[in-house]
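Hi everyone, thanks for making time.

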Amino acid sequence: MKTKFWFFSIIILIVFILTYCQREDETSGKIIVLNSNWKFQKAGETDWMDAEIPGTLHTDLLTNEIIEDPFYRSNEKDLQWIETENWDYKNTFFIDSSVLKMNNIELIFEGIDTYADVFLNNTLILQADNMFREWNVNCKKYLKEGENSLLLKFYSPVTIDSIKASKHKYNLPDQRAYSRKAPYQYGWDWGPRFVSFGIWKPVYIQIWDELKISDIQIIQKKITKETAHLTAIFEVELASSLEVELSIENLENSEIYFSRKESFFKGTNKIRINFSIDEPKLWWTNGLGEAHLYQLLAKVEINEELFEEKNFRIGIRDLEVIREKDSIGRSFYFKLNGYPVFMKGANYIPQDNFLPRVMPDQYDWLINSAVDANMNMLRVWGGGIYEDEIFYDYCDENGILVWQDFMFACTMYPGDSNFIESVRQEACTTIKRLRNHPCLAIWCGNNEVDEGWHNWGWQKALNYSYQDSTEIWENYKKVFHDILPNAVEKYDSQRFYWPSSPKIGWGHAESLEDGDSHYWGVWWGEQEFEIYEEKVGRFMSEYGFQSYPDIKTIESFTETIDRNFESEAMQTHQKHPRGHELIQLYMERDYNPPTDFESYVYVSQLLQAYGIKKAIEAHRRAMPRCMGTLYWQLNDCWPVASWSSIDYYGRWKALHYFVKKAYNETLISPHIENEKLKVFIISDKLEAENCKMELSLIDFSGKNLWGESVAVKINANSSEVYFEISLNNLLKNYNKKEIVFNAKITSEGNILTENNLYFLPFKELDLPKPQIKKTIKKDKNIYIIELTTDLLAKNVLLSLNDADGFFTDNYFDIIPGEVKIVLLASEQKIADPKNQIEVRSLGDQ
């Protein structure tokens, strides 16, 4: 899959160079891109090297062969010197006389990471100190005709963090709190420590003469089946007072929603214009309907001459977060277009430690993988970044709602005026950039800061006085109860603001009664997976379990000698201090831990998938008490043992295949409760459905011991028990070591959903060693694999020896007498598919 990523990356880079390097921008006049001809050096040295912009210091050092691959083996520890040094970046560019005649010339950095003094022609024009905001400098007076020079002097964030901390009268839980910089760069329990520097987003000069459209906001005031009532807020910059004509047109059918003349004054002007769209097509989440987007064109004309235009998209939908008192506590759920919607998804982290390396096809693959797994929400976690525009575009297009954290996580923060103003500017920039995206569902102040303060013992560990604690908590309230909610109210008042996720820590009973919950009794608390069936909150926004990544991913960062769990390379890529120990502990509860490395990796993925499947089914069975489940985590930022369901190279783990079935719009979930087997059917559909429920008790040779088939009407948007039987009546004298309960929902002969229930831990089952037969046919680039077995084949894993590809299903069970069909797509040539495609099962261990 890495090959796939790089192939598309090259194409996209070529298109970018051909179309973007110097162009007439569709929104704001002429753009001169300054992404080429950059050099860098360690401060104080004289040897300048080539740099790539957008980029990072680490990748520039790697390209110039100053360092080895940071992700390989244990190289991470040898590269920590980089963060303590200062670095310089420089560039020269040419400006002709016609540019200098324009009224306004602005130098724009979309992202500087993090502390940098910016010099234009030897004049200091900017002191950057926030990675998350855009920097815009009116630079006309500093430019000259001909050659111009830019110099950025970057300063070590960790040194600045240390200096700021030394001036504080008390220590904060983590010194990274002083910098408005991606927290995960400092290391996490799934990520390495690479505190980087650089111009990580595009830099360019924007030239405009009479006017520019700074921003357009679309507010959805009222939506009915007949009409969507909207307001457009234009923010326009003018060099002088003028009468202008504003309009918005639907590019799909050329309908002009309004055209209106307004008198504007010199400077910044805001104008609100009401308009409507008849018979609106609504935006729906994945699985509920089309995520319809309106393609709009805003124009600004003067004397019937077009001066500015801007393409943008909107989705028309009514989204609410419902917080109502009830018999349990207080609800927390999302209502879309009048319907309560159960949220199914995962927590998302940055896709790389070196962000500019993430290409559009990687975003495409990851979001499509979420769609394929029947997700409808992703949570952008507060320890990463506000994502690139393409992330939100893909979520818009695919009906994936976004829970958006502000970038604060797992520590307390300072409250000095400079820090507060930086946060205010960051919030303004971010909210205005993202607010038109229909995918954006909620703004959340932080990740686990409130919980940390009240539950993690910082006050005692850091020896805070009463006065210290009071000041720190007041600083917390200043940011998360004042600055951020006020920014949301000012710039995006229709969206819900939630101060901190979770509302209450997982050790408190109230966490399951009100708000969202992060449940870490499994893993951190070492509780058994079965506790997931008891600890069900109103909205489960975090929970998870680790596994090792695909064996090919492990091979990418190790030598053969490294492939044991005690090696330095493997321990470098296991960031949790007790990671392997906890995997082993849980594996011993439910599986027989294999002794060979590759089999252990395989079973670790089964273990993770089993546990999270149990949690998801419990959450969905508890609907409407529980109305959302977002497991930790979707993806990785480097190749590592982690909680992800998709590894760094885009390879699906067993968990993602299990999630796809557990998140199916119709789920059948057999569950043992009080010595009874109950069969739940859960539906996310908005209409009732008539189907057939087929239940069977089967032994491992395929013999049907008991069965029942009944017609069922599955109610819309519901979780209900459709069948129950006492275990004594069902199991009788059958050997629980060699039977499985199979449940299916079918419609017109097609299986809509299927689930298996075993009556003992997997390690106690008498799993046979099956003879699995495979036949393979090829249709263009797709291989059609048919599998049959003589005995139960548990958790069948398909893999490719010397190539990479994607299997449409994996880690599944095959019952004798069934034919399992799996498709394989690969961009690589598979010379001998029968021998290249390997098959194994849990019974082979």
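Let me start with a term: "buried" means under 20% relative accessible area, while exposed is over 50% and partly exposed is in between, with a 1.4 Å probe and protein chains only. Also, this is a predicted model, so local features need pLDDT of at least 70, side-chain atom pairs count only at pLDDT 80 or more, and totals for chains, interfaces and linings use all residues. Residues are numbered from 1 along each chain as its sequence is written, and side-chain values use heavy atoms, leaving out hydrogens and water.

Okay, helix H5. Helices here are DSSP runs of H or I, at least four residues, and strands are runs of E, at least two, numbered from the N terminus. H5 covers residues 360-372, and its buried residues include Tyr-363, Trp-365, Leu-366 and Ile-367. After H5 comes Asn-374, with a positive phi near 65°.

Now the cores. A nonpolar core is a set of buried Ala, Val, Leu, Ile, Met, Phe, Trp, Tyr and Cys residues joined through side-chain atoms within 4.5 Å. The largest has 223 residues, and Phe-334 is among those with the most contacts inside it. Helix H14 (residues 597-621) gives the most to this core, 13 residues. Apart from it lies another core, of 28 residues, including Phe-234 and Val-236.

Last stop: Ile-830, in the loop between strand S46 (820-825) and helix H17 (833-836). Is Ile-830 buried or exposed? It's buried, at 5% relative accessible area. Ile-830 touches Tyr-783 and Leu-800, among others, not counting residues up to four places away in sequence; contact means heavy atoms within 4.5 Å.

Methods. The expected span of a helix is 1.5 Å times one less than its number of residues.
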